[in-house]
Amino acid sequence: MAEPSPSTKGAPSVLIVDDHELVGTSLAVALTAEGLRARRAAAVDLVGVLKEAASLPPGLALLDLDLGRDRQGRRRDGVDLVVPLIEQGWSCLVLSAAERSRIGAALDAGAVAAVPKRAPWPVLLANVKAALLGRPVMSPETRQELIDSFRAHEAERREVAEKLNRLTQREREVLSELARGN
């Protein structure tokens with residue numbers, strides 16, 4: 001984990017939330033070299049990240065959405081961190097290769113923007129600096145398109161769930177057997 005240098009003491013905090021230690025640590029080192037106070041969150045679970053964020057002066061959370069799995073095998077979703085981090089005073093910038101609807105979910109929850117993980121370093125750096133200054137990072141049209149994608153996906157998911165909830169027990173059994181190839 002990159003520690004703040006004397007030259008970054010007054011800089012806003014950048015908290016990197018990524019389950020890949022190499023990615024998170026590399027980003028912290030690179031951002032610190034650019035004069036920012038950056039560190040990788042030691043935890044990637046909701047409670048651990050929020051506890052660490054509360055111990056820092058609020059700034060920008062650079063947030064991956066795919067945070068691996070917990071001990072029970074459940075997926076950890078960075079989208080779940082957006083609202084609580086914002087409530088602590090943080091801005092959230094999504095840095096993820098997740099599908100469009102999940103990025104839209106994070107934006108709908110209040111993330112300021114999203115940058116693809118495949119973006120070149122100068123683009124990511126410019127976006128981090130812009131987000132720290134409260135400047136727009138993505139066009140309103142792109143932002144809305146991603147949010148609309150999420151909302152359409154959610155509407156479709158709810159519609160399917162409602163249809164499945166109307167099935168009788170026998171219809172569920174038949175559907176289960178069909179899904180198994182019988």
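User: Which residue just after H3 takes a positive phi?
Analyst: That's Gly-89, with a phi of about 100°. Bear in mind that this is a predicted model.

User: And H3 itself, what makes some of its residues count as buried?
Analyst: The cut-off is under 20% relative accessible area. In H3, which covers residues 79–87, the ones that qualify are Val-79, Leu-81, Val-82, Pro-84 and Leu-85.

User: Why are H1 and H5 called roughly perpendicular?
Analyst: Helix H1 (residues 21–33) and helix H5 (residues 121–132) pack at an angle of about 70°. Angles of 65 to 115 degrees count as roughly perpendicular, so H1 and H5 get that label. Their axes are 12 Å apart, and the crossing is right-handed.

User: Which residues make that contact?
Analyst: From H1 you have Leu-27, Ala-30 and Leu-31. H5 brings Trp-121, Leu-124, Leu-125 and Val-128.

User: How do you know that the span of H6 agrees with its 26 residues?
Analyst: Helix H6 runs over residues 140–165, and at 1.5 Å a residue it should span 38 Å. The expected span takes one less than the number of residues. The end C-alpha atoms of H6 are 37 Å apart, so the two agree.

User: Which residues of H6 are buried, and what do they pack against?
Analyst: Leu-146, Ile-147, Phe-150 and Glu-154 are buried in H6. The buried residues of H6 pack against helix H4 (100–109).

Terms used
Residues numbered from 1 in each chain as written. Predicted model: local features only at pLDDT ≥ 70, side-chain atom pairs only at ≥ 80, totals over all residues. Heavy atoms only, no water. Buried < 20%, exposed > 50% of the residue type's maximum accessible area, 1.4 Å probe, protein only. Helix = DSSP H or I, 4+ residues; strand = E, 2+ residues; numbered from the N terminus. Axes fitted to C-alpha atoms, helices over the stretch in contact; angles between N-to-C directions. Parallel < 35°, antiparallel > 145°, perpendicular 65-115°, else oblique. Left-handed = near helix turned anticlockwise from the far one by under 90°. Contact = heavy atoms within 4.5 Å.
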